[in-house]
Amino acid sequence: MNDGPSALADPAEDTALARPFPGASPYEEYVHASVLNTLQQPLTEAADEMGFLVTTQVMELWFTLIVHEWRTAREALVKDDLPAALDALVRSRRALSALNDSWQPIAALTPLQFEGFRAAFGRASGFQSAMYRHIEFLLGEKSQSLVNAHRGDPAVHEALRDAHREPSLYDEVLCFLHRQGLPVPAHVRERDVSLSYTSDPAVVELWRGVYAGSPYEAPARLAEALTDIAELVARWRFDHLMVVRRAMGAKPGSGGTAGVAYLEQGARRVVFPELWEARGAL
């Protein structure tokens, strides 16, 4: 038997991990974890409020990443750089999957558990999320009234106003396809991009032709990347509906919306509808 020093001694004792930092650690300076960890400020003693706060804040971070990736994809399409656009769309797909998984900590809240802290946040509602509006605008779901709702916060209002006036991700997809020689009608390419996009029969036919061809061609790969995104957004909206329905039934929403009825309306909105309609035309 070896009576010497234990072989299980902490290996960090002889590594850089044990050295003191002259100030904040490099990790802290880069990630700002101490800032993130002070942002959870529950207003009640309810056991479930902390999970609700963290879940909501994590979702806002995922929104930020998704918006970043879709803007990156849009800029790449403007430059006709399809590989870079597809890379950004794939990254956004992973972020959307993580966003959807973020519902888990609060997915099973009962009405009694939710009522334990609901009154504390007053009229605050996810409906008021400015970053989620950026997501909708990039999807082509535009609304001037939702921009106006943020007039009281100049920086947020200005950013949303700009996003409202810019082409959506899908607008730039269609312009890219036109430059690649596909028959995107002029009235679609030249439309008022501050208005919500609506399905056009000629674009449905364009996508039908794409799907009738090789799945390895650039337009088909772009179509499937967009379809992945559309499906994941639809799943997020449906899961949002189910979480709220489970926690509060048909009660009015905290921000003045109709609650479940409002979310049901959102869940019925089809993202990139022409991609889905084209499937039925094959």
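Biologist: Which helices do the buried residues of helix 14 pack against?

Modeller: In this predicted model, the buried residues of helix 14 pack against helix 9 (169-179), helix 11 (201-212) and helix 12 (218-248).

Biologist: Which residues of helix 14 are buried?

Modeller: Helix 14 covers residues 273-280, and P273, E274, L275 and A278 are buried there.

Biologist: How are two packed helices described?

Modeller: By the angle between their axes and the distance between the axes. Take helix 3 (residues 49-78) and helix 4 (residues 82-101): their axes are 8 Å apart, and the packing angle is about 165 degrees.

Biologist: What does that angle say about how helix 3 and helix 4 run relative to each other?

Modeller: Angles over 145 degrees count as roughly antiparallel, and helix 3 and helix 4 are therefore roughly antiparallel to each other. Their crossing is left-handed.

Biologist: Which residues make the contact?

Modeller: On helix 3 they include M59, W62, F63 and I66, and on helix 4 they include L82, A85, L89 and R91. Sorted by class, the contact of helix 3 with helix 4 has 18 nonpolar, 2 polar and 2 charged residues.

Biologist: Turning to a loop, where does H150 lie?

Modeller: H150 lies in the loop between helix 7 (144-148) and helix 8 (154-165).

Biologist: Is H150 buried or exposed?

Modeller: Buried means under 20% relative accessible area. H150 has a relative accessible area of 14%, so H150 is buried.

Biologist: Which residues does H150 touch, not counting residues up to four places away in sequence?

Modeller: With those neighbours left out, H150 touches Q128, A130, V156, H157 and L160.

Conventions. Residues are numbered from 1 along each chain as its sequence is written. This is a predicted model: local features need pLDDT of at least 70, side-chain atom pairs count only at pLDDT 80 or more; totals for chains, interfaces and linings use all residues. Side-chain values use heavy atoms; hydrogens and water are left out. Helices (H or I, at least four residues) and strands (E, at least two) are DSSP runs, numbered from the N terminus. Buried means under 20% relative accessible area, exposed over 50%, partly exposed in between (1.4 Å probe, protein chains only). Contact means heavy atoms within 4.5 Å. Axes are lines fitted to C-alpha atoms, for helices over the stretch in contact, and angles run from 0 to 180 degrees between N-to-C directions. Angles under 35 degrees count as roughly parallel, over 145 as roughly antiparallel, 65 to 115 as roughly perpendicular and the rest as oblique. A crossing is left-handed if the near helix is turned anticlockwise from the far one by less than a right angle, and right-handed if clockwise. Ala, Val, Leu, Ile, Met, Phe, Trp, Tyr, Cys and Pro count as nonpolar, Asp, Glu, Lys and Arg as charged, and the others, Gly among them, as polar.
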